Amino acid sequence: MAIIQNNAAFSPPTKASSNEQMMLKMNVDDDDDDISRKKISIQEFLDTPTIDPDEILEASRTDETNSASSPLLTWFAELVKNDYNTAEALYVGIYFSILVVLTQELLRWQIYGSGYVPFVGSRSHGMF
């Protein structure tokens, strides 16, 4: 084992001057402000509704030929207004069904590699 003879490299940290402490405090405060702004923007994003039934129903009533509001979207907006629990269950069921199908296809892609054909049943009765 080598013995370190020069302890200059291992000197204890010195106390920062008052100006350096104030600058460090300001940087920490700025970081806290950035974090709080990010939290607020994330909270605003999460609070924004993806489907606003009032807006959809108003658009469908004012312009009958509006291509932006489809009959299915209007039906779902009315369901949200009249029976929220059923609409929520239907939305979650469809959402997770899509996720399951996509996950299965990703798994098939991983297993079959270059021989993968999307959304086609298994060619052989192998693993899955």
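Biologist: Why is Glu105 called buried?

Modeller: Buried means under 20% relative accessible area, exposed means over 50%, and partly exposed lies in between, with a 1.4 Å probe and protein chains only. Glu105 has a relative accessible area of 8%, so Glu105 is buried. This is a predicted model, in which local features need pLDDT of at least 70 and side-chain atom pairs count only at pLDDT 80 or more, while totals for chains, interfaces and linings use all residues. Residues are numbered from 1 along each chain as its sequence is written, and side-chain values use heavy atoms, with hydrogens and water left out.

Biologist: What makes the contact of Glu105 and Arg108 a salt bridge?

Modeller: A salt bridge requires a side-chain nitrogen of Lys or Arg within 4 Å of a carboxyl oxygen of Asp or Glu. For Glu105 and Arg108 the N to O distance is 2.5 Å, so the pair meets the definition. Both residues lie in helix α4 (residues 84-112), three residues apart, about one turn of the helix. Helices are DSSP runs of H or I with at least four residues, and they are numbered from the N terminus. Arg108, at 27% relative accessibility, counts as partly exposed.

Biologist: Which residue forms a salt bridge with Asp54?

Modeller: The partner of Asp54 is Lys81, and their closest N and O atoms are 2.7 Å apart. Asp54 lies in helix α2 and Lys81 in helix α3 (residues 71-82), so this pair ties together parts that are 27 residues apart in sequence. Asp54 is partly exposed at 44% relative accessibility, and Lys81 is partly exposed at 46%. The structure holds two salt bridges.

Biologist: How do you know that Ser60 is buried?

Modeller: The relative accessible area of Ser60 is 13%, so Ser60 is classed as buried. Ser60 belongs to helix α2 (residues 53-62). A polar atom of the Ser60 side chain lies 2.8 Å from the backbone oxygen of Leu57.

Biologist: Why is the pair of Tyr95 and Phe96 called edge-to-face?

Modeller: Rings of Phe, Tyr and Trp (its six-membered ring) pair if their centres lie within 6.5 Å; planes under 30 degrees apart count as stacked, over 60 as edge-to-face and the rest as tilted. The ring centres of Tyr95 and Phe96 are 5.5 Å apart and their planes stand at 80°, so the pair is edge-to-face. Tyr95 is partly exposed at 44%, and Phe96 is partly exposed at 48%. The structure holds four aromatic pairs, and ring pairs link Phe76, Tyr91, Tyr95 and Phe96 into a cluster.

Technical notes
Helix = DSSP H or I, 4+ residues; strand = E, 2+ residues; numbered from the N terminus. Polar contact = N/O pair within 3.5 Å; in protein donor to acceptor, adjacent residues only side chain to side chain.
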